[in-house]
Each structure stands twice: as structure tokens, then as C-alpha cells.
Amino acid sequence: MSSENPKGSLETTIQNAIATVQFGHPASNSFPRELLDRLTLEINSLSRNETISVIVLQSEGNKAFCSGASFDELLAVENEEQGTEFFSGFAHLLNAMRNCSKIIIGRVQGKAVGGGVGIIATCDYVFATPQSDVKLSELAIGIGPFVIEPAVSRKIGKTAMTEMTLAAQDWKSAEWALQKGLYSVLSDANNLDNDVQNFAKKLSSYNPEGLYEMKKIIWEGTEQWESILFERAAITGKLVLSDFAREALMQFKK
């Protein structure tokens with residue numbers, strides 16, 4: 001599917017024991033709810049696929065990795081129920097990634113904002129380029145990174161998460177993200193695909209049962225995500241209706 005598809009695109013290719021899942025959207029690879037749901041279903045389906053042991057998650061193009069939630073859909077929210085439902089999309093996706101029986105490698109070619117940072121934090125191992133700066137801009141638009149906070153804090157710690165969240169207008173460099181543990185490796189843009197593929201091939205040559213048991217250990221202690229992420233979605237769903245959020249979103253959209 002073309003990246004000009006207004007609903008976004010999702011494509012999976014399977015080679016040997018590696019599934020490569022690529023999402024795309026013409027608005028800087030942002031996520032309307034339908035695309036979030038499609039990606040969640042795909043992760044759940046691949047989790048049950050016994051022919052694969054590794055998933056590579058990537059986005060289209062060579063610019064932004066992911067700009068988070070769709071601003072158009074945020075502005076379309078009319079009540080708390082709709083708001084909670086929209087932000088639950090990210091909760092479902094992060095839980096699917098956490099519960100997935102396969103190791104998930106993130107391939108990050110460019111900048112990530114908000115929900116995009118949450119997705120990166122929920123990958124098990126991440127390759128990024130020096131251009132892959134990150135930002136949690138939610139407070140600046142009247143909400144907060146509530147749903148993704150457990151994922152980000154788990155990966156980089158509460159202190160670094162706080163620093164990112166309160167400096168809502170500031171980009172953090174890819175080097176900063178590497179030092180904090182959000183990224184595992186920084187690769188030159190020309191070498192990114194080779195590095196990801198070589199690592200995925202090595203991983204896929206290991207005992208699938210060993211990888212599965214390791215995945216469970218990696219995610220020990222996150223069982224409360226089944227409820228907490230949806231409680232956080234309700235907080236965000238309420239805040240997005242505030243006058244502050246409405247005005248900020250309109251300004252950002254302009």
C-alpha cells in the first residue's frame with residue numbers, strides 16, 4: 001500500500017524466521033486509531049506464529065520514525081469515552097508488544113515524538129541513527145505522556161523520563177537516548193538496515209524456546225500494565241477535552 005493512503009499502511013514480510021513489520025502514514029508516520037489497531041492485531045498474530053522467532057518493527061521512509069497520535073483524531077474527540085477509547089489504542093499496542101512471545105527489534109531511522117517514543121521503549125532491542133532525536137511534547141499540548149510513561153520509565157528510568165516530559169518543547173539527541181538506554185545501538189543511516197538484519201539473523205539462529213523464556217524474563221514485573229495503561233488512557237482522554245488542549249492542538253496543527 002502507498003504511504004499516501006490517508007488511513008496509513010501496514011506491511012509484513014517474513015523471511016526465514018524473521019518477520020519485518022512496516023507501518024506508514026503520510027503525516028510523519030503518525031497513528032490514527034485504525035492503524036494502531038491493525039498493528040496490534042499483527043503483533044498478536046505474529047506472537048502465535050511458530051515459524052518466526054524475531055520481529056523487526058520499522059516505519060516507512062527515511063525521515064520521521066513516528067510522530068505519535070493523529071492530531072486530526074485528537075481534535076475529533078467529543079467526550080471522555082471517545083478520548084479514553086482513542087488513547088486505549090496505544091495501551092493495547094504496548095501490551096501486545098510486551099506480551100508478544102517474540103523478541104522485537106526496533107529500527108529507528110529518524111525522529112520520534114510522544115507515542116512513537118513509547119513504541120521504541122517497548123521494543124526489546126533498538127537500532128537508531130544519529131538523526132533519531134526524541135521528544136515527549138504532550139504537556140505542551142495540554143495532556144501528558146501518561147499511557148506510555150510506564151514503558152519509557154522502565155527503559156530509561158523515572159529521572160530521565162521526568163526530564164523529557166517537563167522539557168516538553170526540547171528535543172533530546174539520539175546520543176542522549178543511547179546513553180539513557182532507550183537505544184541499544186546507533187548506526188550510520190547507510191548501515192542501519194545491514195546492522196538490523198545481521199543482528200536479527202543472529203538472534204533467529206538461537207533456540208526459539210530460549211528466546212521465548214528470555215522474553216518472559218525481560219518483561220517480569222510489568223503485569224500491572226494490563227490495568228494501569230487503561231487507567232492512564234482515561235486520564236488523557238479527559239485532559240484532551242480541556243480548553244487548554246483544544247487551543248494548543250489547533251495551534252500545533254496550524
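Trainee: Where does N29 lie?

Mentor: Helices (H or I, at least four residues) and strands (E, at least two) are DSSP runs, numbered from the N terminus. On this basis, N29 lies in the loop between β2 and α1 (33-47). The model is predicted, so local features are taken at pLDDT of at least 70 and side-chain atom pairs at pLDDT 80 or more, while totals for chains, interfaces and linings use all residues. Residues are numbered from 1 along each chain as its sequence is written, and side-chain values use heavy atoms, with hydrogens and water left out.

Trainee: What is the phi of N29, and is N29 buried or exposed?

Mentor: Phi of N29 is near 55°, a positive value in a residue other than glycine. Burial is read from relative accessible area: buried means under 20%, exposed over 50%, and partly exposed in between (1.4 Å probe, protein chains only). At 5%, N29 is buried.

Trainee: Where is N16 found, and what is its phi?

Mentor: N16 is found in the loop between β1 (9-15) and β2 (18-24). Its phi is likewise positive, near 55°, in a residue other than glycine. N16, however, is exposed, with a relative accessible area of 66%.

Trainee: How many of the residues of helix α4 are buried?

Mentor: Helix α4 (residues 115-122) is mostly covered, eight of its eight residues being buried. They are G115, G116, V117, G118, I119, I120, A121 and T122.

Trainee: Which residues of its lining lie nearest the centre of the largest pocket?

Mentor: Of the 33 lining residues, S67, G68, A69, S70 and F71 lie nearest the centre. Helices α2 (71-76), α3 (80-99) and α11 (243-253) each supply at least two lining residues, and the largest share, four residues, comes from α2. Counting Ala, Val, Leu, Ile, Met, Phe, Trp, Tyr, Cys and Pro as nonpolar, Asp, Glu, Lys and Arg as charged, and the others, Gly among them, as polar, the lining divides into 17 nonpolar, eleven polar and five charged residues.

Trainee: Which helix gives the largest share of the lining of the second largest pocket?

Mentor: That share, four residues, comes from helix α9 (residues 208-218). The second largest pocket has a volume of about 170 Å³, and its lining divides into five nonpolar, four polar and three charged residues. Among the lining residues are P208 and K102, which are 106 residues apart in sequence and 8.5 Å apart in space, C-alpha to C-alpha. P208 is found in helix α9 and is exposed, with a relative accessible area of 51%.

Trainee: How many salt bridges are there?

Mentor: A salt bridge is a side-chain nitrogen of Lys or Arg within 4 Å of a carboxyl oxygen of Asp or Glu. By this rule the count comes to ten. In one of them, the side chains of R107 and D193 meet at 2.5 Å, N to O. R107 lies in strand β4 (residues 103-108) and D193 in helix α8 (residues 192-204), so the pair ties together parts that are 86 residues apart in sequence. R107 is buried, at 10% relative accessible area, whereas D193 is partly exposed, at 42%.

Trainee: Which residue forms a salt bridge with E213?

Mentor: E213 pairs with K216, the closest N and O atoms being 3.3 Å apart. An α-helix has 3.6 residues a turn, so residues three or four places apart point the same way. E213 and K216 both lie in helix α9, three residues apart, about one turn of the helix. Both count as partly exposed, E213 at 40% relative accessibility and K216 at 41%. Elsewhere, salt bridges that share partners join R33, D37 and E85 into one network.

Trainee: Is K158 buried or exposed?

Mentor: K158 is exposed, with a relative accessible area of 52%. Its side chain meets that of E149 in a salt bridge (3.0 Å, N to O), and E149 counts as buried at 10%.

Definitions and conventions:
On a 1 Å grid over the protein atoms alone, a cavity is a set of points where a 1.4 Å probe fits but cannot get out, and a pocket is an open set with protein on both sides within 12 Å along at least five of seven lines; lining residues have an atom within 4 Å of a point. Grid points are joined across faces, edges and corners, and a volume is the space filled by probe spheres set on the points.
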